[in-house]
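Trainee: Could you walk me through reading salt bridges and burial in a model like this?

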Amino acid sequence: MWVYRHPINNLVLFDYRKGRGKSGHKERLSSFKGTIQCDGAAEYALGEIANWYAQERKYRENGLSPQEKLLRRQEDIKPGFDAFKEWVETQHKNILTKGAIGRALHYAVNQLPLIEPFFEDGRIHLDNNAIENKIRPLALGRKNFLFAGSHEGAKRIAMMYSFFASCKEADVNPYAWMTDTLTRIGLQYCQIVATHVL
């Protein structure tokens, strides 16, 4: 299952694919235009990163718009980010170990440039936690149902997860929404049948 979430309207899409290859993303996003944010897989580093999160939390608590967040990020976070990026590049050149620190620095050198859009668009989040939280029920659920039965069954499961996750994001009771939706579909079907009979 690949999971997508719109950062503004909070709609969630679970997209079942037979494999983990890139072809699924290319097909699903073939007509998409815009920015995509995804996962990439030291005291100073942790302190600096914690500061970014603290600032973002303040922006959220103060209800800042994407435009306001962008301006604050430029003032509050960008200078520290630039200094951190320069520190990582310097450390990466000087620390040649292939141990944990070397691997972490190598990872950071490759991933930090990918964070730059965060300072260009106020809608982009600092991490993927919002989507990770949507995946958790799927991870718990698959222990219970182990198999979907078929690829078509897996697609139906993805559709239902998309509906329920989007309901949760919109603060709508999924059970009430499903009851209402199925009732409406049933009524429309009865009306169509009645029209053809008459």
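Predicted model: local features only at pLDDT ≥ 70, side-chain atom pairs only at ≥ 80, totals over all residues.

Trainee: How many salt bridges does the structure hold?

Mentor: A salt bridge pairs a side-chain nitrogen of Lys or Arg with a carboxyl oxygen of Asp or Glu within 4 Å. Here there are twelve. One of them joins Arg17 and Glu27, at 3.1 Å from N to O. Arg17 sits in the loop between β2 and α1, and Glu27 in helix α1, so this bridge ties together parts ten residues apart in sequence. There's a network here too: Asp15, Arg17, Glu27 and Arg28 are linked by salt bridges.

Trainee: Is Glu27 buried or exposed?

Mentor: Anything over 50% relative accessible area is exposed, and Glu27 has 54%, so exposed it is.

Trainee: What about the pair Arg73 and Glu56, which parts of the chain do they link?

Mentor: Their side chains meet at 2.8 Å, N to O. Arg73 belongs to helix α3 and Glu56 to helix α2, 17 residues apart. Under 20% counts as buried; Arg73 comes in at 0% and Glu56 at 6%.

Trainee: And where do Arg72 and Asp76 lie?

Mentor: Both are in helix α3, four residues apart, which means about one helical turn separates them. Arg72 is partly exposed at 32%, and Asp76 is partly exposed at 24%.

Trainee: Now the loop residue: what does Asp121 contact?

Mentor: Asp121 lies in the loop between α5 and α6 and is buried, at 15%. Setting aside neighbours within four places in sequence, Asp121 contacts Thr35, Leu70 and Arg73.

Key
Residues numbered from 1 in each chain as written. Heavy atoms only, no water. Helix = DSSP H or I, 4+ residues; strand = E, 2+ residues; numbered from the N terminus. Buried < 20%, exposed > 50% of the residue type's maximum accessible area, 1.4 Å probe, protein only. Contact = heavy atoms within 4.5 Å.
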